[in-house]
Amino acid sequence: MSTVIPLRQSAVESSLKQTAFDRLALAAVCVNASGQVLAANDAALAFIGARADEVVGRHVSELLSYRSARAAARRWARLWARLQRGGAAVRAVLALKDRRRIAVEIAAEAMRFEGETVATLLLEDIGAARAAARAEADAQARRLALAHGPDGAAWLLGADRRVLEASVPADRWPDLQPSEVLGVPFDLLLADDAGAELRAIVDQFCAGAGPSERECLWRLRAADRQGAARWISARVVNRLRDRRLRAIAIVAADASSHVALQARVSLLQRRLAAFAVNGADVLAVLDAQGVVRFQSPSIERTLGLAAQQTVGRPATELALDVDRAALEATIAAALRTATGRAHARRVRMLDAEGCQRTLWVCVRNCFEEPAIGGLLLTAVELPADDTEIAADARPPGELPAPREARRIDFRERLLDLAIHTRGDLSQSLSHTLRMCAETLGAASASFWRLHREPDELRCEAHYDVARERFSREWIGAALAAASFPAYFAALRDRQPVVIADLRASPLLQTASGDARSAAARATIDAPVLLDGEVQGVLRVQDRQPRAWDDDEVNFVTTAALLIALALEASQRQEAEIRIEQLAWYDPLTGLPNRNLLRETMRDMIMTAANRDRRIAVMLIDLDRFKDVNDTLGHLVGDALIKSAAAVLKETVGEAGVVGRLGGDEFVVLVDHFEHRQEVALLAARIAQALHRTDLVPNVDTQVSASIGVALFPEHGREISTLLKNADAAMYQAKRDGRNQFSFFNPIRAERAAREVQLGIQLLKALQGDAAQFIVEYQPQVEMASGRVVGLEALIRWQHPAYGLLTPDRFIGVAEVSGLSERITRWVINEVCAQILRWRQKRPGFDIPISINVAGRELGSSVLPLIVRSALGKHAIEPRMITLEITERTLVRENEVNNDVMAELASLGVGLVLDDFGTGYSMLGYLKRMPISALKIDQSFVAGLPRDADSCAIVHAMLAVARHFRLKVIAEGIESAEQVEYLRSIGCDFAQGYFYSRPLAGDGIVDHIELPVPVDAHVLVAGD
């Protein structure tokens, strides 16, 4: 027992150690000095993703992905050298052979085992920790980038200007919350000019040009609740190359109050400048020495001097020598006087031309006024009748004469009018009329607009001073040019009409019987001129005879000029409104046009994307609208479009937005629905509402609508994609029979797209130099003898990508694309040329060739010309050519021109009716048309002889053919049973794989010369 127990203990201990190593939570690997793996526990094997036999005994470089074996050896040598000096702890990213990259922390230690040094490596996956740390660092970077003041906001934008993240106080920016703007291009939130500036900045940032930080002042597109514009001051920082952000940071603050304050300051500055220019004939600011430091441009109007000529010079130099001392005394007195008191003198000055002018000069001490900071000198020129007043006739500070004071008052009132005549026309007009009547102390003031047809003045506004209101009874009162020709002649001379007593004036006597006009005795009528043409008259009237002076006439004339400016501004505003209307709305129907529809769709898509909603885009096209235009004229067509638009608006109502794309195409946008069935019901109602004959009054028009529907996001997320798919769905509805709706079907759309692409490739093939078309020939056999009695020419397209295509793949596309005529021309010429080649190989070749003709060609008079030209060019007898026409073509009678059929028959060309029995038509055309043979469609032959219905149909066809003495050819023969049955019921000719597949032209002569097939001989012998 003593010798056995220790051995068992050793085995148990070894097993326990191995189990502990294998079950260790950390991945553990033992490696020798050469880098060979000695052992790996379960965690390590799972870590590497391999089995033990795939790891143990392999070199480390076979498990990891190194650039080269040399690089692997170098890195292992460095780690092994570190282990000889003690344990090592390193972090690394391991690139495994399966292309995984794992961040690990390696704890390595060297140990001796059975005389050999090995390394034990403990591997810990720190990828999650590193990712978490990186995510936290990224989040911290975003938090710092989105930091803003208490009333501010911040956004992170991608290179496409779409909002990635937002930090916005809810109370300050309710409509810019993250739920509203995430994913939205930020420039759409800004006014047009601000959006353009942001787009330019982002383009520069993406290109790496310009400064990386910009300060901007932007106006938001949406106004506040009171309708006022909102402004933000924004700092835009380029962080696109910051690996933690990869974004553009915008930190903004509300600047609306600042902008409003700036606008008010700007307005005050402009107003002060206007007062400085118009408030006095001379206005200057002097320093304590009486030197001019600022001079209003008004001095140029008064004395002809430029403002720069007086700045920096003593103001006394402007006065004549005799008045210079008096002006100096006035300035000195103002310096000694408290702020605000005026000192005035009459001062004579010389203007730029040397003429003497007399001015009433006032000087005020305004040193304590921060905006002035000096002596304020103002001067008003005195009229000629005041120039003789002695200098000492008025004490200092006395105001000018009453007439001069009134002139100053007139100027101040005109200045006020100039400031207030920039708004709405009605407000400007009412303010001007009230001001004119009150300023001149008149009884009324009114504005009369000139109309050309009839030629008259018509009152539009009349202010009554006594009643202090505008009189409605005057609105519409008229003065006809025929009644007052002299008065109108004076107005057209663009001169004011001034009448002291209307009853004594020959120009404008009171209209008899009109009590309103009878109350006026005196008037000033100033023409309102715009672009040199009289637009109306400003009339100021009094109830007593009155001698109007020049100042009053000038006041009314200037007020008329201000009304003209208001009229011009109003016309410009109306023009802008009309331009905007034309830019956004369809002029015929008043519906939103293509531009507004795209903007509406953009807003709907952004909202739907943010709120996980759906949108329906309906494209509506009126069926047969072109027929209405062509037969009834464009006036009826326009009336039809307007009526259809009204019906659409009424039918859709509040369920969606109706717009017109152009022509007879309309769009309906629906953004409030839960289920697709809701959209289907609306589309059905629209189709039913538009299917009527009374859309145009007194004109019968049969119109319906085809509707295509595309849904967001199922059928597209972009405007262009949704419209394109709705258009494809609309054409699906048209192909399905019109007067219906169709949802976008991607499979059918893909098929239609392939057909369009095939049509383009078909055109290139026809235009190209390399021949892509070939003709194969399938024999038509007399079943009794097995002799080839005819050949059917079958075109093939050797497509460079799709290989060999049969006609059923591209002829329909050719007809839709208008290329069928060119294909027919090519086939007929190729067949005629092939006949010549056959005759060179076998003289006397006389087997006729059948050529399939598209239905489109039978409606065109070009087909006989093509046939005649080909026959003449190659000297081929007409009997050698037979044209095959499908029965479906004859059913669509609009595709057949009887004259074409008759001309082809007169040429001697044979005509065969192909696919007989598939047209579902009456058989009258067999009597009318010059047809020589029928071909029984292979769909009826396929069931012979076992299918009773097929047998009955073929019997009936043969009976019809015998009645009309027509040859019958059965298509699609594939078995001897079919041949025997058809011969037994009287069918003589056949075509099909039983006899031959279509052959290339070079093999036809050899095929004809072959002996009759054995099966055919058997049938003949058995007969």
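**Close-up 1. Valine 657 and its bridge partner in strand 25.** In strand 25, leucine 669 is the bridge partner of valine 657, and in this predicted model local features need pLDDT of at least 70, side-chain atom pairs count only at pLDDT 80 or more, and totals for chains, interfaces and linings use all residues. Residues are numbered from 1 along each chain as its sequence is written, and side-chain values use heavy atoms, with hydrogens and water left out. Strand 24 (residues 657-662) pairs with strand 25 in the antiparallel sense over 5 bridges, where two strands pair if DSSP finds at least two bridges between them. Strands (E, at least two residues) and helices (H or I, at least four) are DSSP runs, numbered from the N terminus. The two strands form a hairpin with 2 residues between them, and glycine 663 in the turn has a positive phi of about 60°.

**Close-up 2. The two faces of strand 25.** Strand 23 also pairs with strand 25 in the antiparallel sense, over 6 bridges, and glutamate 665 in strand 25 is the bridge partner of aspartate 621.

**Close-up 3. Helix 21 and what covers it.** Helix 21 (residues 719-735) has 17 residues and reaches 24 Å from its first C-alpha to its last, close to the 24 Å expected at 1.5 Å a residue, the expected span being 1.5 Å times one less than the number of residues. Among its buried residues are Ile719, Leu722, Leu723, Ala726 and Met730. An α-helix has 3.6 residues a turn, so residues three or four places apart point the same way. What covers the buried residues of helix 21 includes strand 25 (665-670), strand 26 (704-712) and helix 22 (746-767). Just after helix 21, glycine 737 takes a positive phi of about 125°.

**Close-up 4. Aromatic pairs.** Rings of Phe, Tyr and Trp (its six-membered ring) pair if their centres lie within 6.5 Å, and planes under 30 degrees apart count as stacked, over 60 as edge-to-face and the rest as tilted. By this rule the count comes to 12 aromatic pairs. The rings of tyrosine 487 and phenylalanine 488 have their centres 5.7 Å apart and their planes at 85°, so this pair is edge-to-face. Tyrosine 487 is buried, with a relative accessible area of 0%, and phenylalanine 488 is buried as well, at 3%. Tyrosine 777 and tryptophan 838 also form an edge-to-face pair, 4.9 Å centre to centre with 70° between the planes. This pair links distant parts of the chain, for tyrosine 777 is in strand 28 (residues 773-782) and tryptophan 838 is in helix 24 (residues 820-841), 61 residues apart.

**Close-up 5. Leucine 982 in the largest nonpolar core.** A nonpolar core is a set of buried Ala, Val, Leu, Ile, Met, Phe, Trp, Tyr and Cys residues joined through side-chain atoms within 4.5 Å. Of the 78 residues in the largest such core, Leu883 and Leu982 touch the most other members. The largest share of this core, 7 residues, comes from helix 24. Leaving aside its neighbours within four places in sequence, leucine 982 is in contact (heavy atoms within 4.5 Å) with residues including Met783, Val941, Leu944 and Ile973.

Methods: Buried < 20%, exposed > 50% of the residue type's maximum accessible area, 1.4 Å probe, protein only.
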